[in-house]
Amino acid sequence: MQSHFISNKRDTEINELHTHEDNVIIGMELDNENDDTENEEIIGEESSRENPRILFSKEESSEESSEESNEESDEEFSEESSGEYSSDEINEKSDEEFSEESSGEYSNDESSDESSDESNEEPMEDEKIVDESLKREHMPYISGEFAPYFSNITEALMFCWIQKHNISTQAYDELVDIIHHPQFKSEDIVTNIRRFRKYRQRLPLLPIKSRSIHISNKKTPSTSKDTKEAYYLSITDIIWQVLNNPLLFNQMYFGPGKKVERSQEIWHGNIWKESPRFGCTSIKINGVSYNCGDFVIYRESSNRIGRILAIVEVDGELKLTIQRVLQLIELPGNLQSNNRRERSSREVWLFDRNMENALVEVELQTIIKRVVVTILYTENTIHNHSSVVIREILYKHQGHWKIRNVAYSYRHPSEFAPLEEPETNLPIYKLYIDLYFDDFGTFRNVYHSLGGVYIQIGNLPFDKRKQLKNHFVLGFVPFGGSFEEFIAPFVTEMKTLENGKIMDVQGIKSIVIASLGDITADLPQGNDLVGVKRHSATRGCRTSPTITRRNEIAAEYGLWTCSPILDNLKRERHLQSPHDVYHATARKVLRFLRITIDALSPEGKSAFILAWKTFEYPRSWQKLPNPISHIESFMMSDSLRLAMVIPFILNRILKPQNFKQSEIDKFQSRTGVSRSDLVIKLWLKCWILVTKTMSMAFMHSFTEEDYTKLRECLDNERRLLSQAFEDFENLPNLHINLHLILHAKNYATLLNTGVGTKEIVHKIFKNIVPQTNRKNVDLDLLKCYTTLFAVCHLFDGGIDGRRLSSMNNTLNNLPHHLKRLMNDWFIAEKSLDYDDDISEVHSPDGRISKITLKKRISRRKGREILPDDVDFRRELAISYQDMGYDLAIFGNLYQFYEYASFSAEENDTNVLHHLHVGEVVTIDTDDGEAFAIVRSIFSHQYNNQQFAFVAVDGFETTNRTWLECPVFRLRATNRQ
């Protein structure tokens, strides 16, 4: 095999793992406002009832586990346990049953004969014992009062305790670590757990507030009351805690929107760039202040009128994004009507921003002066009749130039969310608030849902926002309660924060301006939040333009005639309520999967299962349920994974006899295809298009070319599926394709507004519910959260706002004492593995950090994979030279590993990558991007420092495609 060593050098940095999501075939067959706060009170004192023991959930780190929990949060229901017997009654009953069973009249002889008959029975051929007691000769020699079973009372007691409470291995290992800690003292153990419940109030807890809200009698039992206490946290308190958490504050971004080659973070998207509430509000040029949204005259090839859409940073320099404004002479000839000619002396036309060359980045010095232009959204718009006006927008549709009224376009953020920055010397911090709302079932056997309301801070980079610890809880809407009534205190606070509020930030008085950036939710709740009916009705789409016949349309289609409560804030409800790509895509894929399976004949289903079982899946994937018999139990992640490989599976069973003739006939009548074999090929083409669209939608970053490809895929998928399958006609999940490209550009990627990780928060609270007494679940959950939030705040070195006289916070060092205890606890920052089988190595490249090697393998096995010969040493020497080390002394200081992880800086953001031997990756080489398979991961010691290397076997292109995927093959087998 041709091998290449990949050091930490910039030009050969490993970018990302490559799996089937990249649509590439590798090798032979990887075929893959309401101010009603009268009843508000602070819940700060410990309740008289006992607070239950709390169990905490692990943090799920991968996108797949994120998506699996999405379905669980929607489908799990509640349970309420009520025992029929007390423990004494159960014991008495057990004794009675035992005595009844032992009261049979058997003589000794009969018992002996029975035993003899049993011993003479021949064992069945397939029968074997899988668990039994140790033979006498294998029993250990133990002396003492607990012999021969336990050495001492400690072993006996611990064994019984483990069996009684079914203690997990991880929990026991953590207990052992605590007991063996050098500073642990048995005399310090608190004998009453209730004291620990009081200790929580020593922590810097967020105050829990309550107010009474109305409960709908349509959802709740007949015994329910008309009102109930709703418990919630203050958004102002949360913001203060976040800004005074140094670990979070130091990673937040405050500044203008950035124009980069690959858009990844929220501040790379149009909402941040153009909104004065998040990006740059104004800029001074030659002593004149220009604001976002102003119309100006600027120099291009000639003096032109344009509109400042955004003030952006490009390669460290501020520039202006200008939207071109057209004169009459620049309109297509067929649109230069006499009426427009008469108006042209005082009228200009906007050039649709989505058209090619409609936007241009200009230097600051090209701005000449400001010009007054009024956009007439309605004819009643007040304007100076001597000023220039805009009534229409020029755009192109299906290759033809057209003109539409400006009323049918989104307004600029400077119009619906203006901001006057205060003139002050204090630091100003603008916060982007992401609000998420969704219902989840609290019990299994009884329907009792709570509405979880969470927020995120969009100023954090994506890899930090997807951590569970950085999802902040506002509260829970009680079962039967109204979201609008619950969220009223939040709206009141946000109105104050929109105008700016003075806070202490890291010990410095600052002005904090917080605004609503986006609202994310599942499809039904998302429609509720923007004032349209749900998708199960005849029509309903949250981003469709407003229609003037408001009351008539509302009566006909069920739209709200009053605005949602969140419209009291400065936001645009349609632009800032993006659809969730996870739910939209997964439900669409699952529907198509059902259609396909139902269309298979019995022979086709058998062939499908055979191909499905023998297909080679990526090793990082979990096992998929049987798509034929268990499709109803498919999680979102199951559907998305199977969709990535199903084109290759179907390709193996492409025979007309594997499909029902009735389905073939139906397909032919809808598509006009004449032959059965062409029907199957077109069906496969539909799946290829769905897979390709899905891979594009879930990209972590986008270039301008990627946005174009995404638009094409979304349009082609919508047209083809709606034509070929009746079940896809007017399907909301498919209609959403019209809007996803807009969301992607507004927020840089669709993942930035996806709710996959957010729904895992539901799982944390659902795991806590069984440990409560279930009398006041929402309060118990909120108490649990505030405790965790306070501990996390102290772990991160956060500031206690009470300004206590004796402040000696060593809790931020606690994770370093017991790494096993902190491992997989979502409130703790990820640290090195507690396992001894790990190595941390040096990085000569400043962009790469936290290189960690895990799971050692024997040197002999490593040598079998990568022999220590002349070629190996020569390539290693070349790698050292690439890193700037001219002289390398070699010895047997090698250690081989199965896993590696490292953090790489990409677009000013640190992204964590993982590598595994045998995985396919993309690498940057002198010839550009290439694919390779990881052959070996090893470390080498040089000058008393450990360096990490990755040996790969490279692929080369074959200039062929298969199922619209490029085909690669391993290079020639000679080593270099």
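**Charged pairs and a helix**

Tutor: Asp677 is partly exposed, at 28% relative accessibility (buried is under 20% relative accessible area, exposed over 50%, partly exposed in between, with a 1.4 Å probe and protein chains only). Keep in mind that this is a predicted model, where local features need pLDDT of at least 70, side-chain atom pairs count only at pLDDT 80 or more, and totals for chains, interfaces and linings use all residues. Residues are numbered from 1 along each chain as its sequence is written, and side-chain values use heavy atoms, with hydrogens and water left out.

Student: Okay, which residue forms a salt bridge with Asp677?

Tutor: That's Arg675, with the closest N and O atoms 2.6 Å apart. A salt bridge here is a side-chain nitrogen of Lys or Arg within 4 Å of a carboxyl oxygen of Asp or Glu. Arg675 is partly exposed too, at 46%.

Student: How many salt bridges does that rule give?

Tutor: The count comes to 34. One of them joins Glu361 and Lys259, at 4.0 Å from N to O.

Student: Where do Glu361 and Lys259 sit?

Tutor: Glu361 is in strand E13 (residues 359-362), while Lys259 is in the loop between strand E6 (257-258) and helix H9 (270-274), so the pair ties together parts 102 residues apart in sequence. Helices (H or I, at least four residues) and strands (E, at least two) are DSSP runs, numbered from the N terminus.

Student: And how accessible is Glu361?

Tutor: Glu361 is partly exposed, with a relative accessible area of 32%. Lys259 is partly exposed as well, at 31%.

Student: Which residues are linked in a network of salt bridges?

Tutor: Arg340, Arg343, Glu347, Arg391 and Glu392.

Student: Switching topic: how many residues does H22 have?

Tutor: H22 covers residues 704-724, which is 21 residues. From first C-alpha to last, H22 reaches 31 Å, close to the 30 Å expected at 1.5 Å a residue (the expected span is 1.5 Å times one less than the number of residues).

Student: Which residues of H22 are buried?

Tutor: Asp706, Tyr707, Leu710, Cys713, Leu714, Glu717, Leu720, Leu721 and Ala724.

Student: What covers the buried residues of H22?

Tutor: The cover includes helices H17 (581-599), H20 (661-671), H21 (676-697), H23 (732-735) and H24 (737-746).

Notes. Contact = heavy atoms within 4.5 Å.
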